Amino acid sequence: MTAGAATLLAAATVWTSGSASGTEAATTLTVAKDGSGQYTTVQAAVNAIPAGNTARVVVSVKPGTYRELVKIPSTKQNVTLQGSGASRNDTVIVYNNASGTRKPDGSGTYGTSGSATVAAEANGFQARNLTISNDFDEAANQNLSGLQAVALRTAADKVFLDSVIVTGDQDTLLLDTASKATLGRVYMTNSYVVGNVDFIFGRATAVIDKSVITLKKRWDGSSAGYIAAPSTAADRKGFLITGSTVNGDVSASSFHLGRPWHAGGDATLDPMATFRGTTLSSAIRSAPWTDMSGFSWKDDRFAEYRNTGPGSGSASSNRPQLTDSQAAEQETADWLAGWTPSAS
């Protein structure tokens, strides 16, 4: 046993042997702002997990607002961030970096991916019963170059987001992968995502299920935006939004469902997004997809299937709909490809 592992064992409230097969119960580390836990910040608890960890570690965060940056590096797998309050509103992790925010050490700006309040780069990451927010003030920083401000960035496989709120303005939720050639599956359920411009984006193979996507007005009070901006590799599945609701206090016919993000101008990408069985508010445009940076959405993979609500519409050249046979190949199980998310 390494010294780091021994330290974690000593600090943990739970680390017990399981069955004779050698499985172990999850270790639990507690965080509380008032000092009643083992750590007063979420990052301090993450830092206590030894590099090379593969066993489940639950970072249980007591109610409160934690203004900090949290990063789970790729060497610390199977980490769960879990709020211990009665609701996901009780525990909030928040910060306010933007793409154009200068780093304290003078080494430049954070960039979009670096602006994330919580960055999860390790496989098996889970978040549950809490809010992750980026409250960067666009109105007060219009002179800044780079207003993208990520709340949560995942760059890993088998990511499970359950009963969380992820909220921001532009580029709220970055669902990414460790590399273009690496699979990164994400399953999000019973959750809320809030934003206005490209606020669900990245190259992950991601399902957003039984959740609420809430549209926000822009910093100047105007209504205009885009929900999804996938940058899917050609041999991968992109975003599947299913059994969900799109709503928000914005003007009618002011938001697109999405547009193709060919990150870095990469023409080999084949962005993909499907909205199916989802209730669409009147905010959705009758031609719900649009081009981006010179790339036509019609050259990529965008479709709907059996959506309802005032923002839904029938099939047309501007509104492709899956056939029943096509839809049979675009189910949640097809995205997860043998992985069954569970609260382990």
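Leaving aside neighbours within four places in sequence, Asp198 is in contact with Asp171, Tyr226, Ile227, Ala229, Arg259 and Met292, contact meaning heavy atoms within 4.5 Å. Asp198 is placed in strand 14 and is buried, with a relative accessible area of 6%; buried denotes under 20% relative accessible area, exposed over 50%, and partly exposed the range in between (1.4 Å probe, protein chains only). The structure is a predicted model, in which local features need pLDDT of at least 70, side-chain atom pairs count only at pLDDT 80 or more, and totals for chains, interfaces and linings use all residues. Residues are numbered from 1 along each chain as its sequence is written, and side-chain values use heavy atoms, with hydrogens and water left out.

The protein chain contains five helices and 23 strands; helices (H or I, at least four residues) and strands (E, at least two) are DSSP runs, numbered from the N terminus. The radius of gyration of the protein chain is 20 Å, close to the 20 Å that the globule rule gives for 344 residues, so the chain is as compact as a globular protein of that length. The radius is taken over C-alpha atoms, and the globule rule is 2.2 Å times the number of residues to the power 0.38. The C-alpha trace spans about 60 × 50 × 40 Å along its principal axes. Of the 344 residues, 53% count as buried. Among contacts with a separation of 6 or more, 70% are accounted for by residues 24 or more positions apart. The accessible surface of the protein chain comes to about 13,700 Å², and 48% of this surface belongs to carbon and sulfur atoms; accessible areas come from the Shrake-Rupley method with a 1.4 Å probe, and for residues only the protein chains shown count as cover.

Seven strands form an open sheet in the order 4-7-9-11-14-17-20, with parallel pairing; two strands pair if DSSP finds at least two bridges between them. Strand 4 (70-72) and strand 20 (255-258) stand at the edges with a single partner strand each, so one side of each has no neighbour in the sheet. Neighbouring strands of this sheet are turned by 10° against each other on average, direction ignored, where axes are lines fitted to C-alpha atoms, for helices over the stretch in contact, and angles run from 0 to 180 degrees between N-to-C directions. Strand 4 pairs with strand 7 (residues 118-120) in the parallel sense over three bridges, and the bridge partner of Lys71 in strand 7 is Ala119. Strand 11 and strand 14 run parallel and are joined by two bridges; Phe201 in strand 14 is the bridge partner of Leu174. Four bridges join strand 14 to strand 17 (residues 225-230), again in parallel, and in strand 17 the bridge partner of Phe201 is Ala229. Strand 14 is mostly covered, six of its six residues being buried.

The count of salt bridges comes to 14, a salt bridge being a side-chain nitrogen of Lys or Arg within 4 Å of a carboxyl oxygen of Asp or Glu. The side chains of Asp176 and Arg203 form one of these, at 3.0 Å from N to O. Asp176 lies in strand 11 (residues 173-176) and Arg203 in the loop between strand 14 (197-202) and strand 15 (205-209), so the pair ties together parts that are 27 residues apart in sequence. Asp176 counts as buried at 16% relative accessibility, whereas Arg203 is partly exposed with a relative accessible area of 25%. A salt bridge also joins the side chains of Asp198 and Arg259 (2.8 Å, N to O). This pair links distant parts of the chain, with Asp198 in strand 14 and Arg259 in the loop between strand 20 and strand 21 (272-276), 61 residues apart. Both Asp198 and Arg259 are buried. Lys210 forms a salt bridge with Asp209, with the closest N and O atoms 3.0 Å apart; Asp209 is buried, with a relative accessible area of 7%.

Ser145 is found in the loop between strand 8 (126-134) and strand 9 (152-155) and counts as exposed at 69% relative accessibility. Tyr110 lies in the loop between strand 6 (91-95) and helix 3 (111-114). Not counting residues up to four places away in sequence, Tyr110 touches Asn97, Ala98, Ser99, Thr101, Arg102, Lys103, Pro104 and Ser115.
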